[in-house]
Amino acid sequence: MRQQKTNDIILQTATKLVSFIILLFSFYLFLAGHNAPGGGFVGGLITSSAIVLLLLAFDLKTVKSILPVNFIYVAAVGLLIAIATGAGSFLFGAPFLTHTFGHFHLPVLGNTELATATLFDLGVYLVVVGVTMTIIQTIGEEE
Amino acid sequence: MQLLHLAILSPFLFAFIIPFLAKYAKRVHTGWFVLILPVLLFIYFLPMIRMTQSGETLRSVLEWIPSLGINFTVYIDGLGLLFALLITGIGSLVTLYSIFYLSKEKEQLGPFYVYLLMFMGAMLGVVLVDNVMVLYMFWELTSLSSFLLIGYWYKRDKSRYGAAKSLLITVSGGLCMLGGFILLYLITDSFSIREMVHQVQLIADHELFIPAMILILLGAFTKSAQFPFYIWLPDAMEAPTPVSAYLHSATMVKAGIYVIARFSPIFAFSAQWFWIVSLVGLFTMVWGSFHAVKQTDLKSILAFSTVSQLGMIISMLGVSAAALHYGHTEYYTVAAMAAIFHLINHATFKGSLFMAVGIIDHETGTRDIRKLGGLMAIMPITFTISLIGTFSMAGLPPFNGFLSKEMFFTSMLRVTHFDLFNVQTWGVLFPLFAWIGSVFTFIYSMKLLFKTFRGNYQPEQLEKQAHEAPIGMLIPPVILVALAVSLFFFPNILSYSLIEPAMNSIYPTLLADHEKFHVHISQWHGVTTELLMTAGIVVIGTIGYLSLNKWKGIYKLFPSKLTLNRLYDKLLTLMEKGSYRVTKQYMTGFLRDYLLYIFAGFIILIGGAFAIKGGFSFKTEGMAKIGVYEIILTLVMISATVATVFARSRLTAIIALGVVGYTLALFFVIFRAPDLALTQLVIETISVALFLLCFYHLPKLRLKTKTRTFRMTNFIISLGVGIIVTLLGIASSSQRTKDSIASFFVKHSHDLGGGDNVVNVILVDFRGFDTMFEITVLTIAALGIYSMIKTKVKEEGKSGE
């Protein structure tokens, strides 16, 4: 479609800056999800929007070379993590998807709450990233 | 399992070996192996006569589904034994006959004998079981095996047509009968016929009495080829002749008679039973005999004759109900006695006649009466058999048909003296109809005999050089006609051995202990009305036969378009075409029509339930105050919605839809749902982008092509759905009966889930299971899109090569 390559220097420079901020924000949303608004779903969506921004500023090939990931695998890994977290409760004789949490004293972070639910949320996060990116890339690749 | 159960099931078990015998023992005709079984069974059942004669019965239970009360209960009394002997006896003869009738080389013997044995077993089951559900099972097995036997020469169109017709009619009747049995079960809470007979008073007073009776009679009438269901029987004549002889004269068509006789003790008290059974029987008798005269095919004559004779037996069973009101004097029980006697007689002479016709067909190559003639000298033995058979059928001495016909007249004449069921007015019709039917019976009997064996021999018309049949084919009909003659001279060997016990089954409640029905059959009563009637039949019948060509024209009076066969065919095509048309009407193939049905159904069901149950209510208590922001957002949303619906271009619609989505996100904000607002914002953005991408290639919206009525229906339906959903929402929020469980989540989100974001804790912890499958759904969607696009590309690449 595009006949000639336009010079998108402003867009590309801005993207290089902004996409990291978006990624950080999405990571924040993901981690904060248990106690504040956010979580795996929104986090995943915003991560993929950062990648979409990259896709818009550069082209498909460039982004693929930056992120040499097959996003279908990402979704699959996410599902696996979610199921494994659920099935992990079997090891402790608890019903499927029983979560637990505890407070630990970690070297750098200090007193931190760790919950298995976060692992499950990680699965959700990966699935959402994988699914959105697969859809957008597949449709985008189609000529 | 006792020997009795084994006896009933043995034909089925034996049928398993037949294919192997047919395949590996090719040198011997398979029929010889089969023959052993019915002979053994006959020998097994024969000594039981002594038991039933003394009024005893045999009962043996094999549990099948005891929790439902369905057990394989064998019950042997006079009636059952009589039928069992007929089935095994005639079965042996027919098997012997079929050995010579069916060629070892040309025919597929394995399937034939498998079907025949299946039929034999099913028939034994019908007459010997006590449990109606098991009876019904065997009943349908007879229908099924008869279907297979009629369609034995499945390469002929007519065989297939006849088989399908008989199956359709008898199975519809069978299903009606099943309904009747279930009704009886509902009344008496038992599946056992004997139990039902004990509760006869309960049944008679029940409101389901008439429906149960009519349903069971429908089953019996269809099976026994009564008017107007007889039409399958003439078409079933496409079966091989041994099958016709066995199924369509001696056994299967009598299953209906068996059921009528078996259920007489339960239903015969009522006037409806008397009138329906006797009138249907009488009318069928006249109708069948009248139409038999017209036929030119030998087997068709016999088919209509069977219809007529079955009608005669059934009419006698109907009349026999009178004895239940008058007591067991011979004066009133003669009808039952005559029915049973004629049942036996009919099996003997009709079986032999079918076999004789089979011989003629086999040895000349045709059954058309117009091509036959002058066979008397060529086939003397077949002629003798046919003579005895037809004379017995016509009711002439010295053959057994004469005796039962006299008794038939006696019972019909006595109807005129009844003073119950309002017989007085129309009672005179009974003997009149009986007499007219008998005249026609005489005529077609004579036609059958003389048109075949007298007249000129026309060898040029025949496919084969006519000659006498092999001895093996002659033995079975000779045995049968020998019975027919000897039963005339010694009828009383039957009276207390078979007839009296069978009557005992029809009237189980009439007799006190150690009493017996008076059964005496005599050849000579003196000059009675019955004898004069027979003399009249002979005189009028002879005149009628000789002048047949003169009055044959009256058959043309019946318009050929109004026959029952035409009606049946029309009905079938009508049903087929009608259902096709109806289906075509609503299965348009347009998705929008189906959506219309779904939404209209939604409106009618939910709205109807709302209106009937008065489910609407509106309460203002507990409602929150409406703020300024809500009003503004609602107005924005409404205008965006209107814009979406009335948009002229697709782009406008997409943007307007986006506005709706973002306004929704704002609603989530002001209703304090930050997670939802976040997600809604991002998802709305992505979906709008996807919409833009997808619709980029599509043509412009074509609003003009849609008609006004189409738009009006859509408008009405959408309005209806909107109103219903709104009402539903208002009503359900006003009628909240219990507190929400949300307080639990809020309270325990921190200590049980370890998080303060209640929404997230619910999603991943309290109800993580749902989330897990939602992400599965997402993955499936992604994979679907991926494979849809990628495989399409691949296919295009292939076709391009």
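Me: Hi! Before we start, what are helices and strands here?

Reply: Helices and strands are DSSP runs, numbered from the N terminus: a helix is H or I over at least four residues, a strand is E over at least two. Also keep in mind that this is a predicted model.

Me: Thanks. In chain A, how much helix and strand is there over residues 10–134?

Reply: That stretch of chain A is 68% helix and 10% strand, and its end C-alpha atoms are 28 Å apart. UniProt, in an unreviewed entry, lists residues 10–134 of chain A as "domain: Na+/H+ antiporter MnhB subunit-related protein".

Me: Which residues of chain A does UniProt annotate as "transmembrane region"?

Reply: The unreviewed entry gives that annotation to residues 9–31, 37–58, 70–94 and 114–136 of chain A. Take residues 37–58 of chain A: the span is 82% helix and 0% strand, with its end C-alpha atoms 32 Å apart. Residues 70–94 of chain A come out at 72% helix and 0% strand, and there the end C-alpha atoms lie 35 Å apart.

Me: On to the two chains together. How many residues of chain A are in contact with chain B?

Reply: On the chain A side there are 37 residues, and they are in contact with 38 residues of chain B. The two chains bury about 3200 Å² between them, with 76% of that on carbon and sulfur atoms. In chain A, the residues that lose the most area to chain B are A:His34, A:Thr138 and A:Ile139, which together make up 15% of what that side buries.

Me: How many salt bridges go across that interface?

Reply: The rule finds zero salt bridges between chain A and chain B. It does find eight residue pairs in polar contact across the interface, both residues being at pLDDT 80 or more.

Me: And which helices of chain A supply residues to that side?

Reply: Helix 2 (40–57), helix 4 (71–88) and helix 5 (116–141) of chain A each supply at least two residues. Helix 5 of chain A gives the most, with 13 residues.

Me: Let's switch to chain B. How many bridges join strand 1 to strand 2?

Reply: Seven bridges join strand 1 (residues 58–65) of chain B to strand 2 of chain B, and the two run antiparallel. You can follow the pairing in the structure: B:Ser60 stands opposite B:Val74, and B:Leu62 stands opposite B:Phe72. The hairpin has four residues between the strands, and B:Gly69 takes a positive phi near 75 degrees in this hairpin.

Me: What about B:Arg160 and B:Asp157, how far apart are they in helix 7?

Reply: They are separated by about one helical turn, because they are three residues apart in helix 7 of chain B. B:Asp157 is exposed at 57% relative accessible area, and B:Arg160 is partly exposed at 42%.

Me: Which residues are linked in a network of salt bridges?

Reply: B:Asp297, B:Asp361 and B:Arg367 are.

Me: Last one: where is B:Tyr152, and what does it touch?

Reply: B:Tyr152 is in the loop between helix 6 (132–150) and helix 7 (157–188) of chain B. With a relative accessible area of 7%, B:Tyr152 falls under the 20% cut-off and therefore counts as buried. Leaving out residues up to four places away in sequence, B:Tyr152 touches B:Leu102, B:Glu107, B:Gln108, B:Leu109, B:Phe112 and B:Pro240. A polar atom of its side chain lies 2.6 Å from the backbone oxygen of B:Gln108.

Conventions:
Residues are numbered from 1 along each chain as its sequence is written. Chains are lettered from A and ligands numbered from 1 in the order in which they are written. This is a predicted model: local features need pLDDT of at least 70, side-chain atom pairs count only at pLDDT 80 or more; totals for chains, interfaces and linings use all residues. Side-chain values use heavy atoms; hydrogens and water are left out. Two strands pair if DSSP finds at least two bridges between them. UniProt positions are given in the numbering used here, feature names are shortened, and annotations may be inferred rather than shown by experiment. Contact means heavy atoms within 4.5 Å. Buried area is the accessible area (1.4 Å probe) that two parts lose on being put together, summed over both. A salt bridge is a side-chain nitrogen of Lys or Arg within 4 Å of a carboxyl oxygen of Asp or Glu. A polar contact is a pair of N or O atoms within 3.5 Å; within protein, one must be able to donate a hydrogen and the other to accept it, and residues adjacent in sequence count only if both atoms are side-chain atoms. Buried means under 20% relative accessible area, exposed over 50%, partly exposed in between (1.4 Å probe, protein chains only).
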